[in-house]
Amino acid sequence: MPVETMVQLSEIEFRYPVGGFALRIPLLEVARGESVAVIGPSGSGKTTLLQLIAGISLPASGTVTTNGTAVNLLDDAARREFRIQNLGLVFQEFELLEYLSVLDNVLLPYRIHPRLTLDSGVRARALALAECVGVSSKLDRKARKLSQGEKQRAAVCRALIAEPRLLLADEPTGNLDPDNKQRVLDILFEQASDSHSTLIVVTHDRDLLDRFERVIDVKEFHADRGKS
Ligand code: ADP
Ligand code: MG
């Protein structure tokens with residue numbers, strides 16, 4: 001795989017054990033530094049695709065290579081470690097720790113990972129990110145006392161704090177008004193460009209697609225595609 005490739009999914013077959021939803025991905029490559037939007041109606045497999053790229057879900061066959069590592073060959077612990085080292089994840093359900101403050105949620109990667117050192121530079125970065133997305137006045141508030149839109153923006157800050165090589169964001173603007181949508185997109189693109197990282201964003205917002213270099217419709221990976 002060329003070094004300029006950040007993500008490569010090859011000969012992937014994936015099926016949920018219950019319900020039978022399946023994806024077949026002959027080849028999907030995303031270059032380093034590329035920005036890609038993933039689209040498709042609700043239930044079409046966008047989140048599943050991100051989970052395959054992140055090594056959260058495992059294919060029945062094929063390989064998922066991210067930043068040079070075949071993630072589907074790693075065991076659970078090594079995959080978790082790989083995610084912490086390489087990925088910034090914004091989940092659809094945010095997955096903030098409700099009993100922690102916004103600041104502690106943003107700094108969480110540094111609290112749980114011994115190899116990340118929490119210093120004054122990191123704290124300053126957390127404040128700057130919060131400022132950019134408009135949650136700086138909420139830093140001391142517990143996550144459970146935030147609106148959905150504020151939680152979403154805090155989750156974006158947490159995904160960006162450790163300057164990941166690959167950013168995977170699942171509908172990161174889904175709960176936001178138009179101004180905040182643009183703000184969140186601005187910061188995702190700005191951070192990706194500053195740290196030369198790759199951006200893969202699931203979105204329903206047709207009006208945001210122009211900002212991406214490429215759009216992938218997950219329907220092209222439906223396993224029963226072309227059959228009647
Ligand atoms: P999207 O993100 O595009 O809305 P998902 O990737 O979440 O779609 O889901 C794709 C399909 O897989 C849906 O039909 C959904 O019901 C199904 N699905 C999602 N998660 C699971 C699961 N854990 N087990 C079984 N089926 C699932
Ligand atoms: Mg989804």
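**Before you start**

Residues count from 1 along each chain as its sequence is written, chains are lettered from A and ligands numbered from 1 in the order in which they are written. In this predicted model local features need pLDDT of at least 70, side-chain atom pairs count only at pLDDT 80 or more, and totals for chains, interfaces and linings use all residues, while side-chain values use heavy atoms, with hydrogens and water left out.

**Stop 1: the whole chain**

Show the protein chain as a cartoon. It has 7 helices and 9 strands. These are DSSP runs, numbered from the N terminus: helices are H or I with at least four residues, strands are E with at least two. The C-alpha atoms fill a box of roughly 55 × 35 × 35 Å, taken along the principal axes. Of the 228 residues, 51% are buried. Buried means under 20% relative accessible area, exposed over 50%, and partly exposed in between, with a 1.4 Å probe and protein chains only.

**Stop 2: ligand 1**

Select ligand 1 and the residues near it (a heavy atom within 4 Å). The surrounding residues include Tyr16, Val18, Phe21 and Pro41. The run Ser42, Gly43, Ser44, Gly45, Lys46, Thr47 and Thr48 is also there.

Now look for polar contacts, here pairs of N or O atoms within 3.5 Å. A side-chain N or O atom of Lys46 is 2.7 Å from a ligand 1 oxygen. For a polar side-chain atom of Thr48, the distance to an oxygen atom of ligand 1 is 2.5 Å. Ser44 uses a backbone N or O atom, 3.2 Å from an oxygen of the ligand. Taken alone, ligand 1 exposes 570 Å², and the protein buries 61% of that. Such areas come from the Shrake-Rupley method with a 1.4 Å probe.

**Stop 3: the magnesium ion**

Select ligand 2. This magnesium ion is coordinated by Thr47 (OG1) and Gln92 (OE1), at 2.0 to 2.4 Å. Thr47 sits in helix α1, and Gln92 in the loop between β6 and α3, 45 residues apart. Donors are N, O and S atoms within 2.8 Å of the metal (3.2 Å for Na, K and Ca); water is not among the atoms, so sites may look incomplete.

Colour both residues by accessibility. Thr47 is partly exposed, because its relative accessibility is 26%. Gln92, at 32%, also counts as partly exposed.

**Stop 4: helix α1**

Select residues 46-54, helix α1. How many of its residues are buried? The count is 7 of 9, so α1 is mostly covered. Among them are Lys46 and Thr48, along with Leu49 and Ile53.

Terms used. A polar contact is a pair of N or O atoms within 3.5 Å; within protein, one must be able to donate a hydrogen and the other to accept it, and residues adjacent in sequence count only if both atoms are side-chain atoms.
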